[in-house]
Amino acid sequence: MNDVLLKASNIGIIPVIAIEDAANAVPLAKALSEGGLPAAEVTFRTAAGEEAIRQIAANCPDVLVGAGTILNVEQCDRAIAAGAKFIVSPGYNEELVAYCIEKNIPVLPGCVNASDMTRAANAGLEIVKFFPAEPSGGVNFLKALAPVFPKLNFMPTGGVNTKNLMDYLGYDRIVACGGTWMVKKDLIEGQRWEEITQICKDAVKTMLGFELRHIGINCADEDEAARVAKAFSSLLGLEYKPGNSSIFCGTAVECMKTPGLGEKGHIAIGTNSVDRAIYHMEQRGFVFDESTRKTDAKGRTKAIYFKDSIGGFAIHLVQK
């Protein structure tokens, strides 16, 4: 996947911004970034859109900024000159798509039917915009149509919010969602940056969906693991489930037959997407132990440990 599109996928939620005053662009971008969403699709629907892109690109280099509602090649050139790293259009424009491919800039044309998706697939695109998502049938529509286009992925925009966000991101053909709920007009014009940051934090929290999966206890040997596991099973009424390297008590407690990572053991934290969680946690300064990364057949991370322990316990993320 293109590096720009990979970053968009790791961020997971791309705020879609219609800005009326370019002076608000930089503080808005900083508010989004502080909330965990260092990205912005700035639409060309307003006169300030082009200058807003220019200001964000010049002053917020860590923010992935793109141009939305691009209708033609002339607007595309202006957006690229302003600093846009990707181009989004509301519909499929053959000339625009071909031009972006020639310029080697990622383009996400709007596709809402099989004809549009066929054009996109034949053009070799990796990701398209599904817009307007909810009025066009939502995630169920995509699940019905996407299998016909196995190499095409989607970024739904239009009607996506915190309530249905995981309905979309829970489908593995959706790489990110575009949204406006954290950048409503009144929030921007009122310069309510702290509120925007908090909305973003809440969205990221929902997207990652961290929850305790199990606690692993380091035991000296198999006999000790059996004694500890039987004690927990009896205490909590959990199923005793012996395995090759450990014994589980239900799904809550894992007793290691030989000591593993961590002085005392490990704590497993489930997340909706390990790869996306890695990106967001690294942005917060956390470091992972790459030697512990485990992937599935598609190359997606399904488990990884943090480099540092907490309270004597190694911490690892696992795919829900």
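Which helix supplies the largest share of the lining of the largest cavity? It is α1, with three residues.

This is a predicted model, in which local features need pLDDT of at least 70, side-chain atom pairs count only at pLDDT 80 or more, and totals for chains, interfaces and linings use all residues. Residues are numbered from 1 along each chain as its sequence is written, and side-chain values use heavy atoms, with hydrogens and water left out.

**View 1. The largest cavity has a volume of about 40 Å³.** On a 1 Å grid over the protein atoms alone, a cavity is a set of points where a 1.4 Å probe fits but cannot get out. Lining residues have an atom within 4 Å of a point. Here they are V4, L5, A8, I14, F86, L108 and M155. By class, seven are nonpolar, with no polar and no charged residues.

**View 2. The second largest cavity has a volume of about 30 Å³.** L5, A8, S9, L108, I127, M155, V175 and A176 line this cavity. Helix α1 gives the most to this lining, with three residues. Seven lining residues are nonpolar, one is polar and none is charged.

**View 3. The largest pocket holds about 750 Å³ of space.** Its lining has 23 residues, and D172, I174, S273, D275 and R300 are the closest to its centre. A pocket is an open set of grid points with protein on both sides within 12 Å along at least five of seven lines. Helix α1 (3–11) supplies at least two lining residues, as do α8 (165–169), α12 and β15 (301–306). Helices (H or I, at least four residues) and strands (E, at least two) are DSSP runs, numbered from the N terminus. By class, the pocket lining has seven nonpolar, eight polar and eight charged residues.

**View 4. Helix α12 (residues 274–283) is largely enclosed by the rest of the structure, because seven of its 10 residues are buried.** Buried means under 20% relative accessible area (1.4 Å probe, protein chains only). The buried residues are V274, R276, A277, I278, Y279, H280 and M281. G285 follows α12, and its phi is positive, near 100°.

**View 5. The largest nonpolar core has 94 residues.** Such a core is a set of buried Ala, Val, Leu, Ile, Met, Phe, Trp, Tyr and Cys residues joined through side-chain atoms within 4.5 Å. I19, L28, L32, I87, I174 and I196 touch the most other members. Helix α10 (residues 193–208) gives the most to this core, with seven residues.

Technical notes:
Buried < 20%, exposed > 50% of the residue type's maximum accessible area, 1.4 Å probe, protein only. Points joined across faces, edges and corners; volume = space filled by probe spheres on them. Nonpolar A, V, L, I, M, F, W, Y, C, P; charged D, E, K, R; others polar.
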